[in-house]
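Please look over the sequence and structure before reading on.

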Amino acid sequence: VVIDEQHRFGVHQRLSLSSKGNKADVLIMTATPIPRTLVLTAYGDMEYSKIDQVPEGRKPVDTRVMPITKMNDVICGLQRKLAEGARAYWVCPLVEESEKIDLAAAEERFESLKKIFRNDVGLVHGKMKEKDKDAVMEQFKKGEILVATTVIEVGVNVPEATVMVIEHAERFGLAQLHQLRGRIKRGFQASNCMLLYAYPLSETSRSRLNTMKETEDGFEIAEKDLELRGGG
């Protein structure tokens, strides 16, 4: 049984998969082990091997943590990067605007960025039909900005994309943040990740964002995740 991107699966889902065979061998893979997986390795129920090198020539990501009140500065910086030929992801935590939750909505952000960047902005989220998502992703390979939800967290490979903006980053878990940042480390150009947060910021959220700023090591990030939320 091979489970790729295991951080996307729950404990019961993984148990169900491993029980499909008679004492099946199980291989799980991820760039960011969830806390439960670290606990299993700690108690000897799971062996692990670690690939701690990136392909030769890949550069570190410049990660910055900024309050959402500096949105205009972010957009100005984005304009400069796009003028240099960059492509960018802009990730939001919701699909549609919600009256109950004051968070950035992908559709709302898409409309606001379109007013600035015209037709060079695309939108993709999980509620879209597969063929529509594929069409938008194909266009992004030629376009400049893709507004998205976490649907792009895995399985997206656009080496030309070198900028990642994550709005309300305090609402995302460490595994998600690390995987999203991994979308812009696919090529050999320098890349930038901006984590935008809103006040008030809890100590746990602040700790998560600081961890992202300090390291790109998936195991180190996973250990911090285990420390912050326990093993499940």
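How are α7 and α8 oriented to each other? In this predicted model, the axes of α7 (residues 203-214) and α8 (residues 218-229) lie 10 Å apart and meet at an angle of about 170°. Angles over 145 degrees count as roughly antiparallel, and α7 and α8 are therefore roughly antiparallel.

**The α7/α8 contact**
- On the α7 side, the contact is made by Thr204, Ser207, Arg208, Thr211 and Met212.
- On the α8 side, Ile221, Lys224 and Leu228 take part.
- By class, three of the contact residues are nonpolar, three are polar and two are charged.

**Helix α7**
- The end C-alpha atoms of α7 are 16 Å apart, which agrees with the 16 Å that its 12 residues should span at 1.5 Å a residue.
- Buried residues in α7 are Ser205, Ser207, Arg208, Leu209, Thr211 and Met212.
- These buried residues pack against β3, α6, β8 and α8.

**Helix α6**
- Seven of the eight residues of α6 (residues 174-181) are buried, so this helix is largely enclosed by the rest of the structure.
- The buried residues of α6 are Leu174, Ala175, Leu177, His178, Gln179, Leu180 and Arg181.
- Their cover includes the strands β3 (61-67), β4 (87-91), β7 (161-166) and β8 (191-197), and it also includes the helices α7 and α8.

**Histidine 168**
- Histidine 168 sits in the loop between β7 and α6.
- With a relative accessible area of 8%, histidine 168 falls under the 20% cut-off and is therefore buried.
- Its side chain is joined to that of glutamate 170 by a polar contact of 3.0 Å.
- Leaving aside residues up to four places away in sequence, histidine 168 touches Ile68, Pro93, Asp102, Leu103, Ala104, Leu196 and Ala198.

**Backbone geometry**
- Most residues other than glycine have a negative phi, and most peptide bonds are trans.
- Histidine 168 is not a glycine, yet has a positive phi of about 55°.
- Lysine 23, also not a glycine, has a positive phi of about 55°.
- Lysine 23 is located in the loop between α1 (11-18) and β2 (27-28).
- Is lysine 23 buried or exposed? Its relative accessibility is 79%, so lysine 23 counts as exposed.
- The peptide bond from tyrosine 199 to proline 200 is cis, with omega near -5°.
- Proline 200 belongs to the loop between β8 and α7.

Notes: Residues numbered from 1 in each chain as written. Predicted model: local features only at pLDDT ≥ 70, side-chain atom pairs only at ≥ 80, totals over all residues. Heavy atoms only, no water. Axes fitted to C-alpha atoms, helices over the stretch in contact; angles between N-to-C directions. Helix = DSSP H or I, 4+ residues; strand = E, 2+ residues; numbered from the N terminus. Parallel < 35°, antiparallel > 145°, perpendicular 65-115°, else oblique. Contact = heavy atoms within 4.5 Å. Nonpolar A, V, L, I, M, F, W, Y, C, P; charged D, E, K, R; others polar. Buried < 20%, exposed > 50% of the residue type's maximum accessible area, 1.4 Å probe, protein only. Polar contact = N/O pair within 3.5 Å; in protein donor to acceptor, adjacent residues only side chain to side chain. Expected span 1.5 Å × (residues − 1).
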